[in-house]
Amino acid sequence: MSATPGSVIDEEPATRMHRLRWQCRRGMLELDLLLSGFLEQGYAQLSQAQQADFVRLLEFQDQVLQHWLIGRGLPDDPAMRTLVERIQSHQGRRAETSASQRLSKSSNN
């Protein structure tokens, strides 16, 4: 069942987040982490149109998403490309924060 952009906006926020959390669960752990992490920390900052694009992004097959999100290619659709780049950027910031936290802990010991 494919969601239309209007149906995403019309849902109760808690229902929408529950459904999206479920849809972010994929067959590949890497995708689970990327998509779920972005949903929890970046989705709320998206415009309604971008949120609808995120729902559309989740309809792609795992292999396509992996290809895009690990940087081996980008979607032709400009809205999808922007969203993929935003998810990649979000992941990069998370990795940098995690690395600095590990360095900080090790220097405190």
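Let's start with Phe54, which lies in helix 4, residues 48-57. Helices here are DSSP runs of H or I, at least four residues, numbered from the N terminus.

A word on the source: this is a predicted model, where local features need pLDDT of at least 70, side-chain atom pairs count only at pLDDT 80 or more, and totals for chains, interfaces and linings use all residues. Residues are numbered from 1 along each chain as its sequence is written, and side-chain values use heavy atoms, with hydrogens and water left out.

Is Phe54 buried or exposed? Buried, because its relative accessibility is 0%. Buried means under 20% relative accessible area, exposed over 50%, partly exposed in between, with a 1.4 Å probe and protein chains only.

What does Phe54 touch? Leaving out residues up to four places away in sequence, its contacts include Cys24, Leu35 and Leu39. Contact means heavy atoms within 4.5 Å. Phe54 and Leu39 are 15 residues apart in sequence, and 9.0 Å apart C-alpha to C-alpha.

Now helix 2. Its buried residues are Arg16, Met17, Leu20 and Cys24. Ala14, His18 and Trp22 are exposed, on the face turned away from the buried side.

Next, the partner. The axes of helix 2 and helix 3, residues 29-41, come within 9 Å and cross at roughly 160°. Axes are lines fitted to C-alpha atoms over the stretch in contact, and angles run from 0 to 180 degrees between N-to-C directions. Among the residues that meet there are Met17 and Cys24 from helix 2, and Leu35 and Leu39 from helix 3.

Definitions and conventions:
Helix = DSSP H or I, 4+ residues; strand = E, 2+ residues; numbered from the N terminus.
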